[in-house]
Amino acid sequence: MADLPFIHRFEAGARSGARPLLVLHGTGGDENDLVPLARAVAPGAPLLSPRGKVLENGMPRFFRRLAEGVFDAEDVRRRAHELADFVVAARAAYDISAPIAFGYSNGANIAAAVMLLRPEVLAGAVLLRAMVPLTEPVASTALAGRNVLVLSGVRDPIIPPGNAGELAALLERAGAGVEHRSLMAGHELTQADVTLARQWLENDAAGLRAAS
Ligand code: MLT
């Protein structure tokens, strides 16, 4: 592993030209957690998977929260920039293109924060069980040309109703092409998440190839 400022796992991938995924775990996970899922949704793609640096009762996260669903806005900003800097350094170290974030829960929330604060760093995002991480004024073209898939659960006890829709609208106002699907699920992931994420990534890759 390259000497970078996050504990991380990197898999070079087997498919040439495949868009890398930035794999971001949920609270209490680590850099290994979502790798099998990422392999399932993007077979052969390079995977860059950091471990969140914030510890909450020993559980790794990507930023501090004051209570469930109540975020420390200052820390969200600081950690989003820190993660964005890591991605820039990792791209140089591993010679990869800008990744698509593939984040779950806290990992999806930090991915959304990176998109809003450092729009140039990510090529797009798959946000699983995400919520609005911060309300930041963003230029209406900041995310132009970037696509985001938001998959939320109608029975999610952690994310207030409507919040994932607000996030989708926020990203859309920043210029992203957003698809939001509300699944018959809770906070946990289901087979539908895997199927939809995989199809969306395949279509996104096909669109990018057609556009280039
Ligand atoms: C968060 O803290 O980012 C969200 O509440 C989801 C979680 O990680 O529990």
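Modeller: Start with helix H2, residues 73-94. At 1.5 Å a residue, its 22 residues should span 32 Å, and the end C-alpha atoms are 31 Å apart, so the two values agree. Keep in mind that this is a predicted model.

Now its buried side. The buried residues of H2 are Asp 75, Val 76, Arg 79, Ala 80, Leu 83, Ala 84, Phe 86, Val 87, Ala 90 and Tyr 94. Viewed down the helix axis, they fall within an arc of 165°, so they line one face of H2. Glu 74 and Ala 92, on the other side, are exposed.

What covers the buried residues? The cover includes strands S1 (8-11), S2 (21-24), S3 (47-50), S4 (54-56) and S7 (70-71), along with helix H3 (106-117). After H2 comes Asp 95, with a positive phi near 55°.

H3 leads on to the strand. Together, S8, H3 and S9 make a right-handed β-α-β unit. In S9, residues 124-128, five of five residues are buried. In a regular strand, side chains alternate between the two faces of the sheet. Here both faces are covered: Gly 124, Val 126 and Leu 128 are buried on one side, Ala 125 and Leu 127 on the other.

Strand S8 (residues 100-104) runs parallel to S9, joined by five bridges. Tyr 104 has Leu 128 of S9 as its bridge partner. Strand S10 (residues 147-153) also pairs with S9 in the parallel sense, over five bridges. There, Leu 127 stands opposite Val 150 of S10.

How values were computed. Residues are numbered from 1 along each chain as its sequence is written. This is a predicted model: local features need pLDDT of at least 70, side-chain atom pairs count only at pLDDT 80 or more; totals for chains, interfaces and linings use all residues. Side-chain values use heavy atoms; hydrogens and water are left out. Helices (H or I, at least four residues) and strands (E, at least two) are DSSP runs, numbered from the N terminus. The expected span of a helix is 1.5 Å times one less than its number of residues. Buried means under 20% relative accessible area, exposed over 50%, partly exposed in between (1.4 Å probe, protein chains only). The arc is that of the directions from the helix axis to the C-beta atoms. Contact means heavy atoms within 4.5 Å. Two strands pair if DSSP finds at least two bridges between them. A crossover is right-handed if, with the strands pointing away from the viewer, the path from the first strand over the helix to the second runs clockwise.
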